[in-house]
Amino acid sequence: YRPRMIKRRPFMYGTLLTITRKPLEGKLLEVLSRTIEGSKANGRPNLVTATVAAPPPNGVDVIQNLRFESFEEFEKFQDGFLADDSWTARWDEGASSCHYVSSDLFEVIRPVEGGSDSSTPKFLARTDFVSKPGKRSELIDALIDQREHLTSGSPKPNVLKPVSSVDRVRATRAFASYSALVESLTQLEGPENRSNFGRIVSLSDQITRSVFRIMYSNY
């Protein structure tokens, strides 16, 4: 198998801020409601999900994704948030119902591209990769190559690079049903994609997948 040369576009596809909240026992619906309420109020493109399936002992998370056109736009948003006492108080109040709240900032190497199914997405499959030392760029190229070889009509995953890490990569895809999700994920490891999937595995020290239900979106 000879990988194709990947030509990167000279511009970035944007920035994604991911905020993960681990609710205290009995606080899931409260945290979910607060997160959706905040998403509607902050004026940004938002996606809020709740865990459906994840490797144990990860449990259930409420995850908020905020989309920005650039790092500069995110920085402006963050400056405004930190300068507004009402928003920081709201953040602290919500965090009191959680075991922890964490955030991560990603460069969008490739955006999500939808398939032929026009139905509203209900589920999100997220795959996290930890590359072998020094192999993250090659892993990103392999993931880009994989998405270009998917069957026509299949949703193409985004490819995300966290600024907080030198070895992690993330890819996510949205689906209208569980059956569509399972069928598409099976295709990634099928005979027609086996060579590229093997390349991705060989470049990775760890691969984990989680499935989430989309609870709110204004993307």
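Reply: In this predicted model, the count of aromatic pairs comes to four. One of them joins Phe68 and Phe74, whose ring centres are 5.4 Å apart and whose planes meet at 75°, so the pair is edge-to-face, the class that applies to planes over 60 degrees apart. Both partners fall under the 20% limit for burial: Phe68 counts as buried because its relative accessibility is 1%, and Phe74 counts as buried because its value is 10%.

Arg67 lies over the face of Tyr219, at 4.4 Å from the ring centre, while Arg21 lies over the face of Trp91, where the corresponding distance is 5.4 Å.

The strands concerned are β2, which covers residues 46-53, and β8, which covers residues 204-217, and they pair in the antiparallel sense over six bridges. Strand β8 also runs antiparallel to β5, residues 123-131, and nine bridges join these two; within this pairing, Arg126 stands opposite Ser210 in β8. As a general point about such elements, in a regular strand the side chains alternate between the two faces of the sheet.

Conventions. Residues numbered from 1 in each chain as written. Predicted model: local features only at pLDDT ≥ 70, side-chain atom pairs only at ≥ 80, totals over all residues. Heavy atoms only, no water. Pairing = 2+ DSSP bridges. Helix = DSSP H or I, 4+ residues; strand = E, 2+ residues; numbered from the N terminus. Phe/Tyr/Trp six-rings, centres within 6.5 Å; stacked < 30°, edge-to-face > 60°. Buried < 20%, exposed > 50% of the residue type's maximum accessible area, 1.4 Å probe, protein only. Lys NZ or Arg CZ within 6 Å of the ring centre and 35° of its normal.
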